[in-house]
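Subject: Structure handover

Hello,

Here is the structure I promised to pass on. Please open it first, then read my notes below.

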Amino acid sequence: MSINRREFMILSAAVAAGCAANQPVHLQPTSFDAGPASDYNGDGVYTQFRDQGFFIIRRNGKLTALSSICTHRGCKVTELPDTSYHCKCHGSNYDPSGKVTHGPAIHDLPELPTSIDANGRLIIGATAA
Ligand code: FES
């Protein structure tokens with residue numbers, strides 16, 4: 001099932017709300033088309049989908065997607081020059097892999113599943129259990 005950006009943002013907000021309340025979030029698998037995978041040829045963090053709820057990361061040629069939604073109360077985190085992440089709402093920090101390094105957040109930023117479809121487009125999955 002594919003969804004548009006607005007629907008993805010709503011789902012991301014629902015995940016964040018569940019995390020903030022320390023409640024499990026149950027969503028059906030969905031996906032978001034992030035465009036041609038060839039747009040992400042260089043290693044680094046791609047921030048253009050931060051407001052939609054995720055960063056695209058390419059490290060050593062491998063593409064991943066990391067949630068940009070702070071697991072404390074759902075603010076959007078910001079990438080720092082050293083590729084770690086900071087939440088300005090209450091000061092949580094995460095390392096480049098999304099692991100909490102400073103609270104109040106206690107949960108790591110979740111990695112979202114990624115795949116490349118038959119047309120070479122990067123698909124970001126949004127699932128939560
Ligand atoms: S919402 Fe990010 S530290 Fe509170």
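How many aromatic pairs does the count come to? The count comes to 5 aromatic pairs. The rule is this: rings of Phe, Tyr and Trp (its six-membered ring) pair if their centres lie within 6.5 Å, and planes under 30 degrees apart count as stacked, over 60 as edge-to-face and the rest as tilted.

One of these pairs is Phe32 with Phe54: the ring centres are 5.3 Å apart and the planes stand at 75°, so this pair is edge-to-face. Phe32 and Phe54 link distant parts of the chain, 22 residues apart. Phe32 belongs to strand β1 (residues 27–36), and Phe54 to strand β3. Strands (E, at least two residues) are DSSP runs, numbered from the N terminus.

Phe54 also pairs with Phe49. Here the centres are 5.2 Å apart and the planes are at 20°, so the pair of Phe49 and Phe54 is stacked. Together, Phe32, Phe49 and Phe54 form one aromatic cluster.

Before going on, some ground rules. This is a predicted model, where local features need pLDDT of at least 70 and side-chain atom pairs count only at pLDDT 80 or more, while totals for chains, interfaces and linings use all residues. Residues are numbered from 1 along each chain as its sequence is written, and side-chain values use heavy atoms, with hydrogens and water left out.

For Phe54 the value is 0%. Buried means under 20% relative accessible area, exposed over 50%, and partly exposed in between (1.4 Å probe, protein chains only).

Now the backbone. Most residues other than glycine have a negative phi, and most peptide bonds are trans.

- Asn60 is not a glycine, yet has a positive phi of about 50°. Asn60 sits in the loop between β3 (54–59) and β4 (62–67). With 75% relative accessibility, Asn60 counts as exposed.
- Thr83 also has a positive phi, near 70°. Its loop runs between β5 (78–79) and β6 (85–86). Thr83 is partly exposed, at 25% relative accessible area.
- The peptide bond from Gly103 to Pro104 is cis, with omega near 25°. Pro104 lies in the loop between β8 (100–102) and β9 (111–112).

Best wishes

Notes:
Helix = DSSP H or I, 4+ residues; strand = E, 2+ residues; numbered from the N terminus.
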